Amino acid sequence: MTPSTADPVHLFGIRHHGPGCARSLTRALRDLQPDCVLIEGPPEADGLLALAGADGMEPPVALLLYAPEEPKRAVFYPFAEFSPEWQAMRYALDHGVSARFMDLPQTHALALAREEETAAPTPDSPAQLDAVATETEALSDAPELRRDPLGWLGRAAGYGGGEEWWEHTVEQRQDGAELFAAIAEAMAAVRAEASPLSDPFESRREALREAAMRRVIRTARKEGRTRIAVVCGAWHVPALAQMPAASADNDLLKGLPKLKIEATWIPWTYDRLAAESGYGAGVESPAWYEHLWRRGGRAEPVAWFSRVARLLREAEIDCSSAHVIECVRLAEALAAVRDRPAPGLAELLEAARTVLTTGEDAPLRLIRRDLIIGRRFGAVAEGAPTVPLQRDLEQRRKTLRLAVSASRETLELDLRKDTDLARSQFLHRLRLLRVTWGEVSGARGGKGTFRETWALQWRPELALAVIEAAPYGNTVAEAAAALAQRAAVEARDLPALTELVGQLLLADLPAALTVAMRELENRAALTGDIPQLMAAIPPLAQVSRYGDVRQTDAAQVLHVLDGLVIRVCIGFAAACQSLDAEAAAEMAGRVRRLHTAVKLVDRQEHLDAWLNTLRQAADAAGVPERVSGLAARLLLDERHDAEAAATRMSRALSRAAAPEAAAAWLEGFLSDGGMVLVHDEALFGLVDQWVGGLSANHFIQTLPLVRRAFSTFPPMVRRQIGERVRQGGGPTTAAGTVAAGLDDWDMARVEPLIPVLRLILGLGPEQPS
């Protein structure tokens, strides 16, 4: 907006992250040659402006402002290369012009937000933190003009929405100051029609923000500046053009609450700049806007479709030169039909969908991810304020050669190698700090577990998690140990403590592990809750096997494990009394997990004690049928005592047993698979006899339970059991057919195969008798 001759203030209303606005703004600034540039943003970050021009600063980046005493209370101000505010900063730095931010200081804004929360609490999520960062126009309960002024203007102009209208009327234009005069006129008309905000907190916040901006403008005037360039969101231009009395703004800003605030630069990502991430001032297509910015506002379909072709070929999707030519022709034809000056993103995507996808969504999803939203990850220059924990994290990351990426990357670690072991410990320590840069996505190598697979993805909000953990220590190891010790003392139950013990063993924090183990022993000694004790054993068994590979001492874990196993074996039978069906199912799950854990520890005294406990559960009265059935099955698998299993099944499925109880026992017995019915004739006969002896009413009552048990079997097993029933109960082969007797075999045809089979089985040649 061009002011009067006597007014030194020049207002440039922009759309945040709009490349067309950025291009027109740079041209307008070159023409104006201002002696002061005021940019919508947090005044607390004035001291960080110089870093925007430092070597190593690569957008997208963001200003992070937070309350040190309440790190979760924070806001982000993201900037991309094509953001008008970023270009205004760079212009001021390149030309030696004074630059500062103007807005309601976050020392007041965050304090006001805290006051508002006491009246109407709201969820605390990264998306909401982003939404308050730069723009407040996107209000869910505001009238349409305030919620989406660009959308309203776009629809009024005959476009499908504000994004499409803005792209064709602003982003593809090449003019300078004239554009901002038109934007100011449009926003003045929209604000004149808009209804007042219905939310009193938002109404006050908007008034305070614009009063604070006007106060900064007045300060620049008092300094004698003669050409003041004001870069702000287009919505605020009318409020800054008509300056009320200074006393009115001062009265409005008087007596506001305060919070101590600190600021720094952090890397940002395009996916967090996108509107779909929940960021209120986000754009729909950051990577596309970068393409427009770097090509002077021209879409250049040939260049864009060449990038599409390269992307698809890298993904092994067919895309020839002929495809590219047809896409360009179709996009230009669509633009001509729609009376557009040049193809826009809508035309390019429609052409790609028609020519390249052949009806599949995968290529379009790939194009959207990489060329519309983008996966660019920014970098911050050296010298940005950081807490000691952040500096140690960066130093360790570089030492271990771990690259930061905004996209999800897979990292395979071999824990027998010192570097990979150190990487694993570092990532586990970060997880203890709640800095979830990586997640363990799988482990291979069987019992040794010497391979570990991580999925790594850095997200901007993790910088806030680092700041939140900073009070616990100046290094990653120190902070993780301190936070873990606090978590051990505050843990509510044994499973939480055992999970923490596992994390500490993986993170190699022996001092914190000692504290956690002491807490675990004390809690275990005082509790008589057998289900909690059972739940505590599997995590400990899991971590006990890492000792050799991870070069850590698991003796403390095994010591506690000994006591837990003994106590569970003593109290298990009593804990199984008087359980309803739901509790019995939960207990059966605990039994299965505990059995796996006891075998994993591979200590014979544990296994013997546990099998004796299972034997008691399988034969004792009062134990739920589902649990006793599972106990009988586990004993069969371990001892291979088919006769004992047949006796227990005969008793459980006898005519004296209620059909519902028999079905529950059978469900427990068959819960680990039905292969036993394929190979054991006695057990198959007992089940067959029991099913055949049910009355019609009892059969209908028990059918859902039996079907539920059989539904867990693999299809091949179900087919073999069905074939066996159809053939009258004879044993079946692996192919599902009834096995013939040896008398039916043609031994002359079999004998030539015997040497080959012996070789395959490693038996060696048959010795002559």
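1. Does R214 count as buried or exposed? With a relative accessibility of 9%, R214 counts as buried, because the cut-off for buried is under 20%. Keep in mind throughout that this is a predicted model.

2. R214 has a charged partner: its side chain meets that of D249 in a salt bridge, with 2.9 Å from N to O. R214 sits in helix α9 and D249 in helix α11 (residues 246–253), so the bridge links parts of the chain that are 35 residues apart. D249 also counts as buried, at 2% relative accessibility.

3. A second bridge joins R100 and E223, whose closest N and O atoms are 2.9 Å apart. This pair links distant parts of the chain, 123 residues apart: R100 belongs to strand β5 (residues 98–102), while E223 lies in the loop between α9 (200–222) and β6 (228–233). R100 counts as buried at 15% relative accessibility, whereas E223, at 41%, counts as partly exposed.

4. E223 also takes part in a salt bridge with R225, at 3.3 Å from N to O. R225 counts as partly exposed, at 26% relative accessibility. Elsewhere, E70, R73, R114 and E117 are linked in a network of salt bridges. The count of salt bridges comes to 40.

5. Next, the nonpolar residues. In soluble globular proteins, nonpolar side chains tend to be buried together. The largest nonpolar core here has 153 residues, and W304, F305, V591 and L683 touch the most other members. Apart from this core lies another, of 50 residues, including A88, V97, W165 and F180.

6. Which residues is V591 in contact with, leaving aside its neighbours within four places in sequence? They are M534, F572, W610, L614, V627, L630 and L634.

7. Finally, the chain as a whole. The protein chain has 36 helices and 10 strands. Of its 769 residues, 50% count as buried. The chain exposes about 35500 Å², and carbon and sulfur atoms supply 52% of that area. Among contacts with a separation of 6 or more, 75% are between residues 24 or more positions apart.

How values were computed
Residues numbered from 1 in each chain as written. Predicted model: local features only at pLDDT ≥ 70, side-chain atom pairs only at ≥ 80, totals over all residues. Heavy atoms only, no water. Core = buried A, V, L, I, M, F, W, Y, C linked by side-chain atoms within 4.5 Å. Buried < 20%, exposed > 50% of the residue type's maximum accessible area, 1.4 Å probe, protein only. Contact = heavy atoms within 4.5 Å. Helix = DSSP H or I, 4+ residues; strand = E, 2+ residues; numbered from the N terminus. Areas by Shrake-Rupley, 256 points an atom, 1.4 Å probe, with all protein chains shown as cover. Salt bridge = Lys/Arg side-chain N within 4 Å of Asp/Glu carboxyl O.
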